[in-house]
Amino acid sequence: MLRKRSRLIAAPIAAVALTLTIAGYQASASGSSPSGGADRSGKVSEATGPCLADATTLIGDLDGDGHPDKISNPGHTGTKMTIQWGAADGSFGEKHAVSALLGAKKGEVATAAVADFRNDGTLDMVVNIVEPADGDDASTARVAEYRPGPLARTDLSSADARHSDIGDQGEAQQLRIANYGDDPYPDLAILNNPGDGQLDRDVRLSTAGSGPGDYDYATQEKYGEFGSTAEPPAMPGDGWKHFYKPCS
Ligand SMILES: [Ca+2]
Ligand SMILES: [Ca+2]
């Protein structure tokens with residue numbers, strides 16, 4: 001099943017990569033400044049769009065000041081994410097733990113995923129903060145939101161934040177970027193503990209207007225996986241790679 005799907009999406013990915021290459025070439029050919037200083041009318045994000053410094057490090061503007069920031073996501077899990085804000089000279093500041101910026105309290109687990117979920121040129125974030133239950137029943141997230149960029153440096157808030165249902169039916173242990181359906185909108189894979197020893201890969205598909213959508217049974221059947229704490233479901237580790245090319 002998985003093998004069949006990966007074969008089917010190989011050609012579209014190649015096409016997307018080619019398109020990106022052409023777009024990058026046109027951007028440099030038209031003389032856009034790579035520092036992003038001159039043209040602030042939306043061309044900046046094209047010329048300095050997000051890129052991968054390595055498999056777990058995304059370079060892109062998260063706070064909307066026009067300077068790329070460094071987002072590190074060790075292990076792809078979304079639980080150890082750090083951000084270093086970029087300066088005008090291209091350097092990066094000190095590492096801030098996303099959990100601290102989000103205001104996670106003692107005993108809480110903060111999980112985040114960063115991508116341009118609406119593919120509108122701004123990086124966005126999905127956040128989940130939950131205090132895991134110690135019994136069989138899962139607890140509900142204290143904060144579960146989709147936060148379209150740009151985000152505030154101080155607390156990663158967004159003027160357009162909205163509730164996400166990722167924390168309503170279980171404890172999200174991991175949030176990962178995924179590519180389902182091979183469209184330009186990054187999707188979410190959630191390692192979800194719904195209680196009673198179950199551990200599932202839940203999915204949320206993104207659309208142009210709204211970013212990650214709500215739980216949908218048909219989608220879950222198609223892309224999700226049911227597992228247990230003893231046999232956890234497989235989780236994607238290459239989500240960013242589908243949507244962002246290496247920084248050259
Ligand atoms: Ca920035
Ligand atoms: Ca966006």
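Which residue in S9 is the bridge partner of Glu145? I started my notebook with that one, and I kept in mind that this is a predicted model. I found His163 in S9 as the bridge partner of Glu145.

**Around S8.** I then looked at how these strands sit together. S8 covers residues 143-147 and S9 covers residues 162-163. Two bridges join S8 to S9, and the two run antiparallel. On to S7: five bridges join S7 to S8, again with the strands antiparallel. I picked out one pair there and saw Met125 standing opposite Arg147 in S8.

**The whole chain.** I stepped back for an overview. I counted five helices and 15 strands in the secondary structure of the chain. The chain has 248 residues, and 37% of them count as buried. I also checked contacts between residues at least 6 apart in sequence, and 47% of these join residues at least 24 apart.

**The core.** Next I went looking for the largest nonpolar core. It has 42 residues, and Ala112 and Ala113 are those with the most contacts inside it. I noted which elements supply at least two residues each to this core: among them are strand S6 (109-115), strand S7 (124-130), strand S10 (171-178) and helix H5 (239-243). Nonpolar side chains tend to be buried together in soluble globular proteins.

**Ala113.** What is Ala113 in contact with, leaving aside its neighbours within four places in sequence? I listed Gly78, Met125, Val126, Leu175, Arg176, Ile177 and Leu188. Met125 was already in my notes, as the residue opposite Arg147.

Methods:
Residues are numbered from 1 along each chain as its sequence is written. Chains are lettered from A and ligands numbered from 1 in the order in which they are written. This is a predicted model: local features need pLDDT of at least 70, side-chain atom pairs count only at pLDDT 80 or more; totals for chains, interfaces and linings use all residues. A nonpolar core is a set of buried Ala, Val, Leu, Ile, Met, Phe, Trp, Tyr and Cys residues joined through C-beta atoms within 7 Å. A residue is buried if 20 or more other C-beta atoms lie within 10 Å of its own, exposed if 12 or fewer, and partly exposed in between; C-beta atoms are placed from the backbone. Helices (H or I, at least four residues) and strands (E, at least two) are DSSP runs, numbered from the N terminus. Two residues are in contact if their C-beta atoms, placed from the backbone, lie within 7 Å. Two strands pair if DSSP finds at least two bridges between them.
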